[in-house]
Amino acid sequence: MSPFLAITAKRLVLGFVTLFMISVIIFAAAEMLPGNVARAVLGQSASEETVAALQKELGLDRPAHERYLKWLAGALHGDLGTSLTNRRPIAGLISARIRNTLFLALYAAAISVPLSLALGMLTALFRNTWFDRGANAVALASISFPDFFVAYILILVLAQLGLFPSMSRVDANTGFGESLYRTFLPALTLALGVTAYMMRMTRAAIVNLLASPYIEMARLKGIKPLRVIMRHALPNAMAPIITVVALNLAYLITGVVVVEVVFVYPGLGQLMVDSVSKRDIPVVQAVALIFGATYVLLNMMADVLATLSNPRLVHMK
């Protein structure tokens, strides 16, 4: 087996082990929640017989390890259970919401990734100038502000002026162009935070390479500074850049909870918050498991792509 395939197989095994541990933590955390789920669903006025019947129907009268194994086996086969509040299959509830969350995440990535790479290269090219200092100051300010604060500032400025809607209501009948317009503010909110982080990491990766001997040789040959960065520094800085981009893409998908709630966007984050308020534990577990699987998958992809971008890493591991 080639070194690259061996590394990929190792990452897959570690990813599955990590995802298994995540599933255990999710189920255990749901088990430790105070109160009786059946009582919360039926209300305080329900009789003990009714509560006991619902507990038996939901399998809550069985040991925790048996319920975990049944839940895990169902998840592996695509059966995430049934919602307690509306008795609908959870897979059906999630399928409609996950498209909205992926659309929002990809929209934010389309804004943030090109912008952060361009700003990272420019700040490295003009480092220690007023442009570099100003861009880094703005980036630090963007990172420091929490998402909900940035969201409310954008609503105050852009929505109050009537440029964009303050609530991002979309459905299956909303056209692509209309969806882009309605979701611009939540996408911009997500993009501002990750753009600042990716820009700084891109700048750091390129600046570290600018002192290398081959970069100095390229400069002595009279090659233009921008061409030096594009042709010589950037390809060798791709491994850390790919890693930070993939991690921020994972954040765009898993970190949308607050943004979706602020803009009333019908995604997985909004579904999770609604399910928590209604004590719909199976839905909460399913959404948390999807978020965990997404994060693990993108981390594995980042590791593999970083290895592909720098063949030396294959022989170092």
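Predicted model: local features only at pLDDT ≥ 70, side-chain atom pairs only at ≥ 80, totals over all residues.
Helices in this account are DSSP runs of H or I with at least four residues, numbered from the N terminus.

Helix α4 spans residues 64-76 and holds both Tyr68 and Trp71, which are 3 residues apart, about one turn of the helix. Their ring centres lie 6.2 Å apart and their planes meet at 50°. Planes under 30 degrees apart would count as stacked and those over 60 as edge-to-face, so the pair is tilted. Tyr68 and Trp71 are both buried. Ring pairs also join these two residues with Phe20 and Phe27 in a cluster. In total, the model has 11 aromatic pairs.

Another aromatic pair is formed by Phe164 and Phe184, with 4.5 Å from centre to centre and 25° between the planes; this pair is stacked. Phe164 is located in the loop between α7 (147-159) and α8 (176-182), whereas Phe184 belongs to helix α9 (residues 184-209). The pair therefore ties together parts that are 20 residues apart in sequence. Phe164 has a relative accessible area of 21% and is partly exposed. The value for Phe184 is 22%, so this residue also counts as partly exposed, given that the buried class is limited to residues under 20%.

The loop between α7 and α8 also contains Leu161. Its relative accessible area is 62%, and Leu161 is therefore exposed, the cut-off for that class being over 50%. Leu161 belongs to a nonpolar surface patch together with Phe145, Phe148, Phe149, Tyr152, Ile153, Leu156, Val157, Leu163 and Val258. Taken together, the residues of this patch have about 950 Å² of accessible area. Helix α7 gives the most to the patch, with 6 residues.

When neighbours within four places in sequence are left aside, the contacts of Asp280 are Ser83, Leu84, Thr85 and Ser275.

Conventions: Residues numbered from 1 in each chain as written. Heavy atoms only, no water. Contact = heavy atoms within 4.5 Å. Phe/Tyr/Trp six-rings, centres within 6.5 Å; stacked < 30°, edge-to-face > 60°. Helix = DSSP H or I, 4+ residues; strand = E, 2+ residues; numbered from the N terminus. Buried < 20%, exposed > 50% of the residue type's maximum accessible area, 1.4 Å probe, protein only. Patch = residues over 30% accessible without salt bridge, like charges linked within 9 Å, V, L, I, M, F, W, Y side chains within 5 Å. Areas by Shrake-Rupley, 256 points an atom, 1.4 Å probe, with all protein chains shown as cover. Salt bridge = Lys/Arg side-chain N within 4 Å of Asp/Glu carboxyl O.
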